[in-house]
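Student: I would like to learn how to read a protein structure feature by feature. Could we take one model and work through it slowly together?

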Amino acid sequence: WAAVIGSGNADPYLHGFGSNVKWDWTKVTPYEVELTCRYPADDDIEELVRRVTPVPDRAAVDMELLVKPRRRTRLPVGLHFTFCKPRTRAILRPGVFRDAWTYPGPPYEEIQAFAPNCRFQDLQRAPARGSGYIDAMTFPLPVPAEDLIQLNGVDGQFAIDLPGDNSRVSLSWNREHFPSVLLWMSNLGLRRPPWNGDHVALGVEPVCS
């Protein structure tokens with residue numbers, strides 16, 4: 001994978017241009033919101049368009065991302081849904097997936113909970129750094145960590161149960177466009193300012209990467 005993506009040293013934007021600049025509001029109505037991000041003239045991507053539409057009679061929204069390239073290119077893409085610290089705990093309910101992988105390493109932050117570059121099948125028995133296993137279906141994790149798990153060959157479904165709020169959040173997406181989902185588990189592991197070891201968040205990110 002490292003040979004495919006290159007070093008990334010030439011890209012000043014860690015998560016891509018569209019994640020680091022202001023977007024323009026191009027449409028705002030009671031039925032739809034649309035935002036647009038124009039890329040620099042020399043970039044392979046010309047424009048991103050995001051549309052958010054409420055679903056009638058449901059506590060739900062539809063989201064569409066349109067990527068307009070200037071030329072043929074090969075880039076990763078992902079949708080970065082992030083949930084803050086739950087009132088009590090969150091129970092992860094992934095859909096069907098082929099396999100799971102821990103971050104390939106070396107560690108990219110001060111604290112990682114999972115053993116690097118491990119393939120496994122059961123999120124309740126994610127291989128721990130050192131030895132043993134961690135239940136990665138319950139968040140926050142039982143130990144401080146800043147970590148990633150990628151699920152591949154997914155069916156495009158994911159849910160999070162929030163017992164403290166007596167609710168469930170469900171995500172669904174086009175698995176042909178996003179064949180994997182990245183779980184970002186930020187659990188008191190970001191020690192640098194401005195996080196200072198206090199940040200707790202769960203990312204459920206459909207990706208092609």
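Tutor: Let us begin with a term: a salt bridge is a side-chain nitrogen of Lys or Arg within 4 Å of a carboxyl oxygen of Asp or Glu. Please keep in mind throughout that what you are looking at is a predicted model.

Student: What is the general idea behind such a pair?

Tutor: Side chains of opposite charge can pair when their charged atoms come close. In this structure, E46 and R38 form a salt bridge, and their closest N and O atoms lie 3.3 Å apart.

Student: Are these two residues buried or exposed, or something in between?

Tutor: The general idea is that buried means under 20% relative accessible area and exposed means over 50%, with partly exposed in between. E46 has a relative accessibility of 28% and therefore counts as partly exposed, and R38, at 47%, is likewise placed in the partly exposed class.

Student: Which other residue forms a salt bridge with R38?

Tutor: E47 also forms a salt bridge with R38, with the closest N and O atoms 3.7 Å apart. E47 is buried, because its relative accessible area is 11%.

Student: Where does E47 lie, and what does E47 touch?

Tutor: E47 lies in strand β3. If we leave aside the neighbours within four places in sequence, E47 is in contact with T36, C37, R38, L66, V67 and K68.

Student: How many salt bridges does the count come to?

Tutor: The count comes to twelve salt bridges. One of them joins the side chains of K27 and E32, with a distance of 3.1 Å from N to O. K27 is partly exposed, because its relative accessibility is 36%, whereas E32, at 19%, falls under the 20% limit and so counts as buried.

Student: How should I read a sheet, and in what order do the strands come here?

Tutor: To read a sheet, you follow which strand pairs with which; two strands pair if at least two bridges are found between them. In this model, four strands form an open sheet in the order β1-β2-β3-β4, and their pairing is antiparallel. The edge strands are β1, covering 24–29, and β4, covering 61–69, and each of these pairs on one side only. From one strand to the next, the twist averages 10°.

Student: How many bridges join β1 to β2?

Tutor: Five bridges join β1 to β2, the strand made of residues 32–38, and the two run antiparallel. As an example of such a pairing, W25 has L35 in β2 as its bridge partner.

Student: Now I would like to look at a loop. Where is D44 found?

Tutor: D44 is found in the loop between β2 and β3, where β3 covers 45–54. D44 is partly exposed, because its relative accessible area is 26%. The C-alpha atoms of D44 and P56 are separated by 37 Å, although these residues are twelve places apart along the chain.

Student: Which residues does D44 touch?

Tutor: Not counting residues up to four places away in sequence, D44 touches P69, R70, R71 and T73. The side chains of D44 and R71 are joined by a polar contact of 2.6 Å, and a polar contact of 2.8 Å joins the side chains of D44 and T73.

Student: May we take D161 as well, and is D161 buried or exposed?

Tutor: D161 is found in strand β14, which covers residues 157–162. D161 is buried, because its relative accessible area is 14%. A polar contact of 2.9 Å joins its side chain to that of R93. Beyond the neighbours within four places in sequence, D161 is in contact with R89, A90, I91, R93, S167 and R168.

Student: How many disulfides does the count come to?

Tutor: The general rule is that a disulfide is a pair of cysteine sulfur atoms within 2.5 Å, and by this rule the count comes to zero. As for cysteines, C84 is exposed, because its relative accessible area is 63%, while C118, at 22%, is partly exposed.

How values were computed:
Residues numbered from 1 in each chain as written. Predicted model: local features only at pLDDT ≥ 70, side-chain atom pairs only at ≥ 80, totals over all residues. Heavy atoms only, no water. Axes fitted to C-alpha atoms, helices over the stretch in contact; angles between N-to-C directions. Buried < 20%, exposed > 50% of the residue type's maximum accessible area, 1.4 Å probe, protein only. Contact = heavy atoms within 4.5 Å. Polar contact = N/O pair within 3.5 Å; in protein donor to acceptor, adjacent residues only side chain to side chain.
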